[in-house]
Amino acid sequence: VSQSQYVDNAKHGVRVRGHSENVRIGATTIADNGARGLYVNNGKVITIAGNTISNNEDGVFVRDTVDTTVSGNTLAGNLEGVVLIVTNGSTVIDNEIAGGDVGIIVAAIHGTESDGHDNHETDDTHDDHDTDTSTATTNDTTTIEPTTTETTSTDDSHDDHESGDSSSGHEHEDVVPGATTITGNTVMDSTVGISLVGTTNDTVADNTVANVGSWALTLEGGA
């Protein structure tokens with residue numbers, strides 16, 4: 001898929017599912033759709049590169065997929081920028097992400113899909129150990145090692161029962177969550193910059209997070 005426009009549709013702009021393999025989506029505009037801009041479910045070797053994705057529910061949403069590369073995209077005004085749920089071998093590199101609740105979410109558990117931003121509300125009861133929410137953070141290298149802690153999840157049922165897609169609620173591929181590399185991205189003007197939920201062995205390096213409303217980088221339940 002390349003050099004196309006998917007704009008002002010009722011649901012997803014582009015949807016890739018059903019064990020699709022070796023798919024590349026590039027140089028495409030995906031904007032103002034009623035649900036996710038680009039939605040990948042049960043895929044392998046997926047490349048999402050050089051797209052402009054704006055004003056959707058989620059910009060890029062990938063679930064139960066192996067070997068995903070999200071690179072060089074411009075995302076603005078989406079509720080959540082890049083969302084990876086139960087993926088293995090994913091790379092998120094050199095993207096520019098602006099606005100929304102969360103810039104990048106990586107989760108090793110299902111249930112964080114639709115409302116992952118709810119896990120990061122700025123209520124003071126979740127902020128016992130915060131000392132500062134600086135306007136700009138550049139991280140050099142953060143490697144997330146395995147731990148065992150309680151995980152947090154939210155509901156993703158809105159996508160399990162879409163009309164004309166009766167199987168989607170029961171089609172989670174048996175993907176073992178694996179390490180994700182997040183590097184060289186710029187996240188600006190969101191509520192949360194980068195969020196890792198229940199993940200292990202991720203590498204977060206050389207990203208710039210600026211002007212976020214709360215946390216630049218947050219690790220939950222396993223990270």
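**An arginine over two rings**

Arginine 36 lies over the face of phenylalanine 61, at 3.7 Å from the ring centre; a charge counts as sitting over a ring if NZ of Lys or CZ of Arg is within 6 Å of the ring centre and within 35 degrees of the ring normal. Arginine 36 also lies over the face of tyrosine 39, at 5.0 Å from that ring centre.

This is a predicted model, in which local features need pLDDT of at least 70, side-chain atom pairs count only at pLDDT 80 or more, and totals for chains, interfaces and linings use all residues. Residues are numbered from 1 along each chain as its sequence is written, and side-chain values use heavy atoms, with hydrogens and water left out.

The structure holds one aromatic pair. Tyrosine 39 and phenylalanine 61 make up this pair in an edge-to-face arrangement, 5.2 Å centre to centre with 70 degrees between the planes. Rings of Phe, Tyr and Trp (its six-membered ring) pair if their centres lie within 6.5 Å; planes under 30 degrees apart count as stacked, over 60 as edge-to-face and the rest as tilted. The pair links distant parts of the chain, 22 residues apart: tyrosine 39 is in strand 5 (residues 38-41) and phenylalanine 61 in strand 8 (residues 58-71). Strands here are DSSP runs (E, at least two residues), numbered from the N terminus.

Tyrosine 39 is buried, with a relative accessible area of 0%, and phenylalanine 61 is buried, also at 0%. Buried means under 20% relative accessible area (1.4 Å probe, protein chains only).

The protein chain averages a pLDDT of 81, and 71% of the residues score at least 70; pLDDT is the predictor's confidence in each residue, from 0 to 100. Over residues 114-135 the pLDDT is below 50. Where pLDDT is low, the predicted coordinates should not be read in detail.

Definitions and conventions:
Contact means heavy atoms within 4.5 Å. Helices (H or I, at least four residues) and strands (E, at least two) are DSSP runs, numbered from the N terminus. Buried means under 20% relative accessible area, exposed over 50%, partly exposed in between (1.4 Å probe, protein chains only).
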